[in-house]
Structures are given as structure tokens and as C-alpha cells.
Amino acid sequence: MPDETELTASPAYAVGQLRRALERALAADDAGVRRRAAGRVEMWRAVLDGVATGRLAIGSRTPVADTPAWVTLEVAHGGFATGRYLAESALRDDELERLRSVPADAPGASDRERLNLWYLGDDGLAELLDALRTGRYRIDVPEEAALLVVAWLLDHGRDAAALDLVAELRPLMHRLRFTPRFEATQVPSGAVVRLQPVGEVRDSLRQATVRPTIAAMLETLRVWNPLYDRLVELWCETVEGELPSLAGSAEVVGGWPCRVWPADWSERRRQWLDDYRAAVESHRHSDAHQHSKSNFARLRSALERCPEDSAALTGRDVGWIRRSLANTISAHGAPRSEPRAALRATQAVVAARPTYAALARVLSARMDRYPADGGLPSLDPIAADVTEEEASVASPGHPIPPHLVAKAARALEAPVGELVDRGVIPSGEVLARVLPQITSQLTAANIDDSSLASAYARTYAAFRRRRSLLLLNLEHQVRFDELPWIAAVAPFRARREQAARAADQSLRETTVLALGAFPQTILPNPLLRELSALTNQAGLRLPLVEEVAADIFMGTFTTKWRDAATVASRVLSGTLYGRYYDLPEDWPVVEVTWKRWRKSTAEDFAQLCVRRSQEARTGDAKGYVASNGVVLEQSQILTTQNLAVLVEALELTDWARDVGADLADRSFAWLVRRMAQPAPTWVNGLQTIKNAAYAWRQAIFFLSFCDQVAQRESMARLRDRAAVLGPRFAPAVDGLEAVIDGSRFDGSGRISSGGRRLLGWSVGPHWAQRD
């Protein structure tokens with residue numbers, strides 16, 4: 001029987017994160033950065049305090065003492081719960097106003113409990129039912145839907161179910177908000193999606209600032225240079241004879257200042273000093289004019305001591321005036337000369353250009369026309385050139401820079417494929433963020449009552465915003481149907497064939513989109529969760545396997561990993577992938593079921609991964625992470641990390657044949673670009689190799705659906721691209737080419753001709769890493 005010792009997470013990671021947050025909070029120049037870092041400091045302090053007092057059990061799916069698994073927790077980076085409930089907050093203004101109408105002797109140990117209980121009375125239930133009928137409510141945290149469901153159940157004669165639900169909620173009614181925000185909100189239809197609502201993008205644009213170096217440059221061009229030219233001109237008018245200039249590198253030739261005093265000189269001096277002082281008060285980005293040894297500072301200082309003439313100046317002072325004039329005249333020309341005028345004209349063009357921050361404010365103002373929680377139906381009115389009404393920022397007709405339009409596009413509502421094409425969705429992780437807008441509608445399609453279906457969909461979208469916990473001992477994340485109010489409406493979800501077909505179609509389209517758009521990366525866990533929701537809705541049961549972090553690997557796998565590997569061996573038998581990675585030809589039926597932490601596990605699969613990982617053990621491990629990593633990589637190889645399962649179940653073989661060569665080429669090209677980038681540290685270099693090996697595996701999978709001619713053509717293109725990586729990477733190319741031609745790797749992952757099998761993880765030095 002395998003070991004079942006319960007493991008817990010070390011607080012060392014949290015200590016390191018706290019230290020980094022403190023350093024960031026103390027060292028950052030930007031106030032916003034310091035504020036966010038201070039927030040992270042508080043989060044990590046809460047984590048460590050909770051662990052120290054025993055209130056937090058990091059690694060458990062119920063990490064907070066005396067708290068049900070369904071409660072939405074604040075979760076710091078890495079999956080560490082802080083102990084705070086996200087649905088626990090101070091009463092809002094509208095809630096305080098409502099509370100004033102609640103009788104003083106109403107039951108409840110806290111204001112929150114009194115308000116929650118009020119909503120279980122006749123008036124409160126009526127308000128909840130009205131919100132359900134009109135759709136005028138917003139759910140930010142899943143708990144905010146709980147009393148809506150209670151109201152619906154009571155309205156439909158399901159009193160027992162409603163009472164059972166209230167009984168489960170009752171212990172936390174004094175702390176958690178179980179009601180939504182009663183306000184109009186824009187709900188995505190599912191046909192189109194958006195990455196962010198208008199309000200978030202608009203606020204982000206308004207926070208754009210001019211970088212200090214740019215602000216200083218513009219201030220110099222717009223303010224200090226004109227003042228400087230006037231200052232030089234004032235002193236030049238006091239020169240007798242030719243203006244001073246430099247002969248060679250140091251000698252000053254020409255006339256001397258302070259010899260001629262025009263009649264209006266004193267008045268113009270006074271006006272210049274007034275303008276200078278006003279500029280100093282209102283412009284503080286650049287201090288070049290204040291440097292004591294600058295031409296500007298020397299001429300300005302002398303001017304301050306010459307109310308009418310140079311009586312207060314020494315001969316040395318006059319000599320410095322002469323040299324300062326010679327410096328600027330030799331460099332830029334005399335006042336009003338063509339060289340100086342040409343220079344200032346060029347600088348004026350630069351100074352007149354609007355800053356990105358100013359244009360960002362133009363965009364944000366245009367977005368004020370749209371609901372803050374909605375999306376943009378089109379980018380055309382947002383991305384249009386500057387208009388006459390906006391001329392205070394830039395000249396009419398000035399274009400909006402593409403990178404600012406790209407920021408605005410984060411609020412664009414469009415089909416998910418269009419957002420991928422536009423680059424708004426640049427990765428599988430971001431794709432997973434928008435998919436709940438589709439899957440929420442599909443999962444609710446099995447509910448007949450439209451108001452309940454809408455609440456169900458909105459709750460699903462809020463649930464998907466929950467951050468995942470760090471889990472050990474083969475625990476799984478809280479599932480949507482574990483929420484008590486969702487479980488309470490499960491009897492009202494009837495399987496509809498039309499809804500199942502829609503989910504199946506969406507599953508196919510999403511899979512093709514993800515693999516086609518990001519062929520070099522494995523499907524990330526958040527995206528897998530959405531695909532799993534679609535498979536359930538479609539009536540499919542697929543063994544989709546998650547990526548497991550090497551630092552929390554428990555040494556075994558649940559049985560779905562063996563199931564996925566069985567599919568991969570069947571689908572890829574005799575193919576390039578099967579030969580390159582030496583996949584087992586078949587998996588025998590297992591008679592014995594192992595149990596670890598109350599889960600059925602595939603110990604035979606785990607043992608095979610360990611045996612296969614010997615190839616990557618080139619030295620002694622200094623830690624357990626690398627030892628876990630080489631085993632986990634074999635699990636990914638054996639299962640193809642879901643590729644074979646999806647291609648077979650969704651009947652995508654023909655699609656893979658059509659696009660396989662292109663997807664392989666794109667994966668190889670990404671790999672070469674990534675490996676050609678210099679790695680700042682040794683650890684970064686190992687990470688680069690790991691990611692490159694994942695892209696390599698993806699490419700080989702796609703290439704396995706091509707004939708040998710296409711495979712050899714792809715290898716020729718790869719060899720040309722990989723030339724920039726030098727001889728270090730050549731064994732990987734040689735090895736794949738040899739397998740295409742019929743060779744096989746030996747037990748050490750080598751081929752007699754010199755080729756090597758490329759793996760990402762290694763225990764000890766990796767042969768592909770640069771010195």
C-alpha cells in the first residue's frame with residue numbers, strides 16, 4: 001500500500017514573497033507601485049500570521065479553520081490563502097440606507113446578519129424576486145447569488161430546499177454578503193466576449209503618465225529653451241563689437257559683454273526675471289537650468305546682480321558671461337540667426353507633439369460614452385483621429401497611436417476568434433479569462449426558467465474569477481456544483497440535446513482556436529477547466545490532465561493520467577511522436593486499484609514515469625524540484641498533455657493533417673526565437689530550455705499527422721532557422737531528423753550518429769544549456 005502521509009506546505013515561499021514585497025514597497029519611486037507593494041506586504045503577513053497561529057493550513061482545500069470549502073477566499077500568488085473572505089466587507093451606502101428601515105429589534109448579531117435576515121422577510125424577498133425578473137443586479141463574488149436562489153426556490157414552492165439552503169448559510173450570515181448589488185449591469189451574450197469592461201480600460205488609460213525623462217525634455221523644449229534664448233539675447237545686446245565665439249576648442253574670441261546698455265534693457269531684464277520665477281514655480285520636471293556651472297545658470301545669476309549695469313560684477317564674472325555666450329553661440333548660433341532658428345523650429349515640432357498620456361486621456365474621454373461595465377461594440381469611433389473638439393490636446397487629424405488603440409481594444413466586444421486575431425487575446429491563459437462568458441451561457445442553457453438561468457450564468461462567471469488554492473495530497477479545487485445554492489438548483493437542470501450540441505460545437509471551436517493560435521504552448525490549467533465544463537455539458541467524459549507544479553508533486557497520479565496515456569498510445573502508435581518518445585504500444589488492464597489520500601491512483605503509470613526519467617538524470621540533484629520535474633515531464637510526454645485525447649474525442653484528425661505542418665513550423669520558429677534570446681541567469685536558461693522542449697514536443701505531435709515528405713521539408717526549414725543557435729542545439733535537430741528517417745534512440749536518449757532526444761527537465765547539467 002503506498003504511503004498516505006499527509007503533507008503540508010512550507011512557509012518558506014511566503015517568507016520570500018514578503019521580503020520581496022517589502023523591498024519593493026521601500027525602493028519603488030512610483031507611489032502607485034509602492035501602494036500595490038504595501039498591499040502585497042499585508043497579504044503575506046496575513047498568510048504567515050495564519051500559519052503561525054494554526055488558523056491557516058496551506059495545502060488544504062479548506063485552508064481556513066472553521067470555514068467551508070465553498071467560501072471564496074482571498075488568495076495570494078502561488079495559491080496561499082490569507083484567511084480573508086472576499087464576500088466579507090463593510091456595508092455599502094445603499095445597504096446602510098436599507099438597514100435604517102430595519103426595525104431596531106430585528107434579529108442578528110451584526111449589521112450584516114440583520115440585513116441578510118431582512119432579505120428573508122416578505123419585503124426583502126420581494127426585492128430579490130424583482131431583481132431576478134428584471135435582471136437588475138450584479139454578482140461579483142459567488143456568495144452574492146445565494147439569497148437570490150433562496151427567493152427563487154420559495155417563489156416556486158420549494159420551501160424545504162430553501163430552508164435547507166438557509167440552514168447551510170446561517171452560520172456565516174453575520175460575516176458574508178449573500179445579496180447582489182442592485183444595479184443595472186451589462187451581461188455578455190456569449191456570442192461575443194470582451195477581455196475587460198469599459199470602466200477598467202478607461203481607468204487604466206486615465207492613469208497613463210508622462211515618463212519623467214520625457215516630461216523633462218518637453219519642459220526644456222517648451223519653457224526653458226525660449227527663456228534661455230531671451231537671456232542670451234539680453235546679454236548679447238551688451239556686447240561691444242563682434243559676438244563672442246570659440247576659436248578652436250577653448251579660446252574665446254570676439255567682443256566683451258557689459259560694455260553697451262540699451263535704454264530698455266533694465267525693463268526687459270525685470271520682465272525676464274519675473275517670467276523665470278513664474279516658470280520655476282509651475283515647472284519642476286527639469287532642473288538643467290539650475291546646474292551651477294551651466295551656461296543658463298551663469299547668465300541668469302549674473303543677470304540677477306545687474307539691475308542697471310555691471311557694477312556689482314567682478315572681472316571674473318564678466319569673463320564667465322563672455323565664455324557662456326561663446327559656448328552657446330558656437331554650438332547653436334547667435335540669437336535670431338538661421339542655425340539657431342532652424343534648431344528651435346525642429347525642437348518646436350517635437351515639443352508640439354502630444355504625449356501618449358494626453359492621447360490616452362482622449363481615448364478615455366471617448367469611452368465615457370459607453371456603460372462602465374459593458375464593452376465597446378466597435379473600435380472605429382474610439383480609434384478615430386483627433387477631432388476639432390479635441391484640438392487642445394493635439395492638432396485635428398492627429399492619429400491615435402496603435403499601442404493605445406490596442407489598450408482600448410481590451411474592452412472590444414467581438415467573437416473570441418477576432419480577439420485572438422487582433423492580439424487582444426495573446427495566450428491560452430488570457431483565452432481562459434474570457435471563455436467563462438461563453439461557457440456560463442452554455443452551462444445555464446439546461447435551465448428552463450430564464451431568470452434562474454441568468455442568475456446561474458452570472459454566478460458561474462463570478463466563480464471562475466476565484467483564484468486557485470495551492471493543494472496537496474491529490475486534493476482538487478472547489479467545483480462549481482459544490483456551492484450550496486448551485487447544488488440546490490441542480491434538480492432544475494435538465495439535459496437538453498440542443499444545449500449539449502452547442503457545448504460540443506463550442507468545445508471543438510475553442511480547442512481548434514487554442515491549438516491553432518498558440519501551438520507552441522500546452523493548454524494551461526485555467527483553460528482546461530473551461531474545456532472540462534464544456535465536455536460535461538456536451539455529455540463527454542474525457543481524461544483531461546492538468547499541469548502539476550514540480551514543487552508540490554505528490555509522487556503519484558490519479559487514474560485519469562493512465563487513461564489519457566492509453567489514448568495517446570493508441571492514437572500515436574507508429575507515428576513520429578510515438579517513435580521519438582518511445583510510447584508504450586499498449587497499456588494492460590489494471591486489476592488492482594491503489595488508494596492514496598482516498599483517491600484512486602495509477603501507481604503503474606507513476607512507476608513508468610520514474611523509470612523513463614532516468615534518461616534526464618545526468619548528475620546529483622541538489623533539491624527535490626528537479627527530481628520531480630523529470631518525472632512530471634514523462635507524464636506529459638506519455639499523455640501528450642491532452643492533445644491526443646482532444647484530437648480523438650473531437651474528431652480533429654483531418655484538421656490536424658491539414659494544419660500540422662504549419663503548426664509545427666510555427667512552434668519550431670517560436671522555439672528558436674526563444675532560445676536565441678540571452679538568458680540573464682543560469683536559472684532563466686533552464687526555464688528557456690524547459691519551455692523550448694514543450695514547444696518541441698507540441699511541434700512533433702503536429703508533425704506526426706503529416707507524411708514523411710512534409711516532415712523532411714519541415715526539418716529543412718528548422719535546420720535553417722536553428723543555425724543561429726550554433727552547435728549546442730544541433731544534436732536535437734539531428735536526433736529528430738534521424739527518427740524521421742527511421743532511427744530510434746537508445747536508452748540514454750542518443751542516436752549513434754550524434755543526435756539526442758530533447759527533454760526540458762534535467763537532474764544535473766543540461767546538455768543544451770549554454771556555458
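Which ring does the charged end of R458 sit over? That would be the ring of Y137, with the charged end 4.1 Å from the ring centre. Keep in mind that this is a predicted model.

**Aromatic pairs**

- Searching the whole structure turns up 31 aromatic pairs.
- Take F553 and F557: their ring centres are 5.1 Å apart and the planes meet at 45°, so this pair counts as tilted. The cut-offs behind that label are under 30 degrees for stacked and over 60 for edge-to-face, with the rest called tilted.
- F553 and F557 are both buried.
- Y577 and F701 make an edge-to-face pair, with 85° between the planes and 6.2 Å from centre to centre.
- That Y577–F701 pair ties together distant parts of the chain: Y577 belongs to helix α25 (residues 576-580) and F701 to helix α30 (residues 682-703), and the two residues are 124 residues apart.
- Buried or exposed, what are Y577 and F701? Both are buried.
- Y577 and F701 also belong to a cluster joined by ring pairs, along with Y580, Y581, F702, F705 and F745.

**Charges over rings**

- Besides R458 over Y137, there's R298, whose charged end sits over the ring of W320 at 3.7 Å from the ring centre.

**Helices α10 and α11**

- Helix α10 (residues 265-282) packs against helix α11 (residues 295-304) at an angle of about 125°, and their axes are 11 Å apart.
- The crossing of α10 past α11 is left-handed.
- On the α10 side, the residues that meet α11 are W265, R269, W272, L273 and Y276. Their partners in α11 are F296, R300, L303 and E304.

- α9 and helix α13 (residues 338-352) have axes that come within 9 Å and cross at roughly 155°. That puts the angle over 145 degrees, so α9 is roughly antiparallel to α13.
- α9 and α13 also make a left-handed crossing.
- From α9, the residues involved are M217, L218, L221, R222, N225, Y228, D229 and V232. From α13, they meet R340, R344, Q347, V350 and A351.
- How is N225 classed, buried or exposed? N225 has a relative accessible area of 12%, so with the cut-off at under 20% it counts as buried.
- Setting aside neighbours within four places in sequence, N225 is in contact with T220, R344 and Q347. R344 and Q347 are among the α13 residues in the helix packing.

- T640 has a phi near 55°, which is positive even though the residue is something other than glycine.
- T640 is placed in the loop between α27 (624-639) and α28 (643-649), and it is buried, with a relative accessible area of 1%.
- Q641 isn't a glycine either, and its phi is positive too, at about 45°.
- Q641 is also found in the loop between α27 and α28. With a relative accessible area of 2%, Q641 is buried.

Note on methods. Residues numbered from 1 in each chain as written. Predicted model: local features only at pLDDT ≥ 70, side-chain atom pairs only at ≥ 80, totals over all residues. Heavy atoms only, no water. Phe/Tyr/Trp six-rings, centres within 6.5 Å; stacked < 30°, edge-to-face > 60°. Buried < 20%, exposed > 50% of the residue type's maximum accessible area, 1.4 Å probe, protein only. Helix = DSSP H or I, 4+ residues; strand = E, 2+ residues; numbered from the N terminus. Lys NZ or Arg CZ within 6 Å of the ring centre and 35° of its normal. Axes fitted to C-alpha atoms, helices over the stretch in contact; angles between N-to-C directions. Left-handed = near helix turned anticlockwise from the far one by under 90°. Contact = heavy atoms within 4.5 Å. Parallel < 35°, antiparallel > 145°, perpendicular 65-115°, else oblique.
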